Amino acid sequence: MALRHAVLAALLDGEYSGYQLAKAFDVGVANFWHALPQQLYAELTKLEKEGLVAGRQVVQETRPNKRLFQVTRAGLAELEQFAAASSKPSFIRDDLLVKVQAADRIGTGPVIEQLEERAAVAQAKVELFGKLLRQMRGDADEEEFLLRGERIGPYLTCLRGLAFEQDNRDWCLRIAAVLRKRQSTPAER
């Protein structure tokens, strides 16, 4: 997947400025694609040159002018083509896992601390995803929303983000507890 597809997918909900797109990425898309604001602005420029998004200038009296972007028919066709192509399996690339891999041979104190920090970050994301899911479905219960909701794509990706962060939190806490217990139990030789 290229950043272009993540940007096009994020723009499906309407017309966004680069700033609004960056905020939308932070909240929804960031659970499966990370991009810095400057990368998003550069990608919007490329997509507009290719005719996959259309931009328009909005004159503002008290603030600088802004550009709003929306997906064009060509952009939608690009997304449809992307959706039809096979997806490659994802993989984990995480420096904390390298530290855990080496835990038998290095001091585990800093690794335990980092695992607990990661668990706390994951817990904060769990709470954020829970809040976002409740906002998206409104008064509907989840099953009703999944069956009849107007646009469930963002909801489904948010569910994946929630499951990922819950698992990440639980794993980090478990491994921190294992390493802490090993610190206090003498090894048999």
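Select Asp94, which is partly exposed at 24% relative accessibility (partly exposed lies between buried, under 20% relative accessible area, and exposed, over 50%, with a 1.4 Å probe and protein chains only). Asp94 and Arg118 form a salt bridge with the closest N and O atoms 2.7 Å apart (a salt bridge is a side-chain nitrogen of Lys or Arg within 4 Å of a carboxyl oxygen of Asp or Glu). The pair connects distant parts of the chain, 24 residues apart: Asp94 lies in the loop between α4 (73-84) and α5 (95-101), and Arg118 in helix α6 (residues 109-137). Helices here are DSSP runs of H or I with at least four residues, numbered from the N terminus.

This is a predicted model, in which local features need pLDDT of at least 70 and side-chain atom pairs count only at pLDDT 80 or more, while totals for chains, interfaces and linings use all residues. Residues are numbered from 1 along each chain as its sequence is written, and side-chain values use heavy atoms, with hydrogens and water left out.

Next, select Asp104 and Arg182, whose side chains meet in a salt bridge at 3.7 Å, N to O. Asp104 is in the loop between α5 and α6, and Arg182 is in helix α8 (residues 153-184), 78 residues apart. Both Asp104 and Arg182 are exposed.

Move to helix α7 (residues 142-148), where Glu144 and Arg148 are 4 residues apart, about one helical turn. Their side chains form a salt bridge at 3.0 Å, N to O. Glu144 is partly exposed at 35% relative accessible area, whereas Arg148 is exposed at 59%.

Last, select Arg4, Glu50 and Glu78, which a network of salt bridges links. The whole structure has 12 salt bridges.

Notes:
Helix = DSSP H or I, 4+ residues; strand = E, 2+ residues; numbered from the N terminus.
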